[in-house]
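Hello,

Here is the structure I promised to pass on to you.

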Amino acid sequence: MNKVYLLIGGNMGDRRENLRRATEAIHRQCGRVTAASPLYETEAWGLEDQPPFLNQALEIATDLSPVALLQCTLQIEKTLGRQRLEKYGPRPIDIDMLLYENKVVDLPELQVPHPQMPNRRFVLQCLADLAPDYRHPVLEKTILQLLEACTDPLKVNRLEER
């Protein structure tokens with residue numbers, strides 16, 4: 001089994017329900033969800049004039065290869081209503097592969113570790129709740145060190161559990 005960290009998020013419709021449905025689908029189709037961070041509400045990154053996102057990091061155990069896992073998550077996004085109309089635009093669900101074991105994948109359709117991870121506070125905050133001491137396989141810094149060094153000014157607010 002491979003340990004993988006995903007980030008799920010969305011800012012359209014019932015955001016909590018969309019994350020719950022995505023988590024269930026990932027568990028059924030991609031790999032066993034072994035841990036989940038708290039939910040965070042975050043300002044939109046990239047295209048800022050849109051509603052805030054809910055985000056959550058997931059740790060999964062999977063037998064799928066990185067490319068097969070990408071195909072699985074893209075299918076889940078599509079099933080849950082994701083349409084890729086505008087880069088960084090609003091969406092009901094987004095599933096990003098952040099880390100896949102200590103592997104480095106550099107393909108046209110997939111880069112792991114996620115290349116923007118060190119620049120996005122919302123990603124690092126969610127991931128730090130699950131794996132603060134996990135070492136980035138390229139930058140050789142822990143997730144907590146990357147979070148402390150992150151200059152992203154966007155607000156990231158932890159939501160209370162319901």
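Let me start with Thr 62: leaving aside its neighbours within four places in sequence, this residue is in contact with Met 1, Asn 2, Val 4, Cys 30, Gly 31, Leu 69 and Tyr 100. Before I go further, please keep in mind that this is a predicted model.

Thr 62 belongs to strand β4, which covers residues 53-62. Is Thr 62 buried or exposed? Its relative accessible area is 1%, so Thr 62 is buried. Its side chain also reaches the backbone oxygen of Cys 30, at 2.6 Å, and Cys 30 is one of the contacts listed above.

Arg 32 is the next residue I looked at. Its place is in strand β2, residues 32-36. Not counting residues up to four places away in sequence, Arg 32 touches His 27, Glu 59, Ile 60 and Ala 61. For one of these, Ala 61, I also have the spacing: Arg 32 and Ala 61 are 29 residues apart in sequence, and their C-alpha atoms are 5.2 Å apart in space. With a relative accessible area of 47%, Arg 32 is partly exposed.

Now to the charged pairs. Side chains of opposite charge can pair when their charged atoms come close. The count here comes to four salt bridges, and I will take you through some of them.

Arg 20 and Glu 17 meet through their side chains in a salt bridge of 2.4 Å, N to O. These two are three residues apart in helix α1, so about one helical turn separates them. Arg 20 forms a salt bridge with Glu 24 as well, and there the closest N and O atoms are 2.5 Å apart. Glu 24 and Arg 20 are four residues apart in the helix, so about one helical turn lies between them too. Which residues are linked in a network of salt bridges? They are Glu 17, Arg 20 and Glu 24. As for accessibility, Glu 17 is partly exposed at 29%, Arg 20 is partly exposed at 37%, and Glu 24 is partly exposed at 38%.

How many aromatic pairs does a search of the whole structure find? The search finds one. The partners are Tyr 5 and Tyr 134, arranged edge-to-face, with 5.3 Å from centre to centre and 80 degrees between the planes. The pair links distant parts of the chain, as the two residues are 129 residues apart. Tyr 5 sits in strand β1 (residues 2-10), and Tyr 134 in the loop between α3 (121-130) and α4 (143-149). Tyr 5 counts as buried, at 2% relative accessibility. Tyr 134 is buried too, with a relative accessible area of 15%.

Another arginine to look up is Arg 91, which is found in the loop between α2 (66-79) and β5 (94-100). Is Arg 91 buried or exposed? Its relative accessible area is 11%, so Arg 91 is buried. Between Arg 91 and Phe 53 the sequence distance is 38 residues, while the C-alpha to C-alpha distance is 9.1 Å.

Finally, here is something on the surface. Val 104, Val 138 and Leu 139 make a nonpolar surface patch of about 260 Å². Of these, Val 104 is found in the loop between β5 and β6 (105-107). Val 104 counts as exposed, because its relative accessibility is 54% and the cut-off for exposed is over 50%.

Happy to talk any of this through once you have had a look.

Best wishes

Technical notes: Residues are numbered from 1 along each chain as its sequence is written. This is a predicted model: local features need pLDDT of at least 70, side-chain atom pairs count only at pLDDT 80 or more; totals for chains, interfaces and linings use all residues. Side-chain values use heavy atoms; hydrogens and water are left out. Rings of Phe, Tyr and Trp (its six-membered ring) pair if their centres lie within 6.5 Å; planes under 30 degrees apart count as stacked, over 60 as edge-to-face and the rest as tilted. Buried means under 20% relative accessible area, exposed over 50%, partly exposed in between (1.4 Å probe, protein chains only). Patches are made of residues with over 30% relative accessible area and no salt bridge: like charges are joined within 9 Å, nonpolar side chains (Val, Leu, Ile, Met, Phe, Trp, Tyr) within 5 Å. Accessible areas come from the Shrake-Rupley method with a 1.4 Å probe; for residues, only the protein chains shown count as cover. A polar contact is a pair of N or O atoms within 3.5 Å; within protein, one must be able to donate a hydrogen and the other to accept it, and residues adjacent in sequence count only if both atoms are side-chain atoms. Contact means heavy atoms within 4.5 Å.
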